[in-house]
Amino acid sequence: MKFNIALLPGDGIGPEVVNQAVKAVDAVCKKFGHEVSYTKALVGACAIDATGKAYPAETHEICMKSDAVLFGAVGDPRFDNDPTAKERPETGLLAMRKQLELYANLRPVETWKSLISKSPLKTELVDGADFICIRELTGGMYFGEKHEADDMAFDTCKYTRPEIERILKVGFETAQKRNKHLTVVDKANVLASSRLWRKIAQEMEKNYPDVTTDYMFVDKAAMVMIQNPKFFDVLVTENTFGDILTDEASVIAGSMGLLSSASVGIHTSVYEPIHGSYPQAAGKNIANPLATILSAAMMFETSFGLKAEGAAIRKAVAASIDAGYVTEDLAAGGKSYGTNEVGDWVAAHI
Ligand code: IPM
Ligand code: MN
């Protein structure tokens, strides 16, 4: 096959980790006889500096024309403490999600035996935990009506029936392909938007008799995720709840540097690590590239339907973890390797 991939490295450690994912993509294409080309584009703070916009029109065009997008991270401390900034790096990510209509964000949570000791949770709780969070990505408070003044501000959590139906469909269908257990996470005891989610989920549940569907309030879900993460198979929830719960979930595996994600919807899908720009580590060759490399595996599996290619990347990542050929966040005080070295090792083992 022939792929044209848009590279949006973004800010902070984004460029370093995306470079490592490119090495893995090149290696897998070479091994399986695919042809790949890349087009680089700006997003985030670097795009604001160069063009004034965090998601320039040119970047959007490149994404639309590509078969998939590999994304690094956005964010810059220059903007974090300036609430008056109109154009922020994060605006670029949100604009990209909205314009590409990436309504479903898939965030798998897996564990690796040799890393279990890195988890702050007890081994017996995390060993074997394996679930996927499906986060709605283009609605809710992130995109609802806002008001921002000196004496009053609000964000609106608004969802329409079609928006809820399409994300729940992803939830049910993902559950059908996994262990057939779907947990719909909401706050239906308080929020109107959550009650609509629950009502629609209860209607749709009847069409998926093979799936065991249960409902959980988000506060309880936050607790169960730590107390009994093996309870979950597929979890589906709205945008803000999903943002918070997936950061919590990243702790289970032992490092945020391991969690990959796919954002899929109407136009080109985007693959990105969930960890963000980690500006303190930028340029130091210490960031963990595995989440981005695993996101590239998701790209082969989800966008191109190439399971063997994805598996080859996953196998090499698992081998690097087992061999202890890892960055300092996973080294437990033992020998650690640089971002580049881990990227080279993984590519060489594909
Ligand atoms: C994420 C990030 C983003 C979000 C930020 C950078 C806007 O935290 O992808 O989880 O809140 O969605
Ligand atoms: Mn987040």
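A residue is counted as buried when its relative accessible area is under 20%. In this predicted model, D76 has a relative accessibility of 17% and therefore counts as buried. D76 sits in the loop between β3 (68-73) and α4 (77-80). Its side chain places a polar atom 2.8 Å from the backbone nitrogen of R78. With neighbours within four places in sequence set aside, D76 contacts A45 and P89. D11 is 65 residues away from D76 along the chain, yet the two C-alpha atoms are separated by 7.0 Å.

Strand β5 (residues 131-136) is mostly covered, with 6 of its 6 residues buried. In a regular strand, side chains alternate between the two faces of the sheet. In β5, F131, C133 and R135 point one way. I132, I134 and E136 point the other way, and all are buried. β5 pairs with strand β4 (residues 104-109) in the antiparallel sense, over 6 bridges. Here V109 has F131 of β5 as its bridge partner. β5 also pairs with strand β10 (residues 234-237), in the parallel sense and over 4 bridges. In that pairing, R135 is bridged to T237 of β10.

The largest nonpolar core holds 87 residues. Its members touching the most other members are L70, L168, L290, M299, F300, I313 and I350. Residues up to four places away in sequence not counted, I313 touches V28, I293, A296, A297, F300 and I350.

Technical notes: Residues are numbered from 1 along each chain as its sequence is written. Chains are lettered from A and ligands numbered from 1 in the order in which they are written. This is a predicted model: local features need pLDDT of at least 70, side-chain atom pairs count only at pLDDT 80 or more; totals for chains, interfaces and linings use all residues. Side-chain values use heavy atoms; hydrogens and water are left out. A nonpolar core is a set of buried Ala, Val, Leu, Ile, Met, Phe, Trp, Tyr and Cys residues joined through side-chain atoms within 4.5 Å. Buried means under 20% relative accessible area, exposed over 50%, partly exposed in between (1.4 Å probe, protein chains only). Contact means heavy atoms within 4.5 Å. Helices (H or I, at least four residues) and strands (E, at least two) are DSSP runs, numbered from the N terminus. Two strands pair if DSSP finds at least two bridges between them. A polar contact is a pair of N or O atoms within 3.5 Å; within protein, one must be able to donate a hydrogen and the other to accept it, and residues adjacent in sequence count only if both atoms are side-chain atoms.
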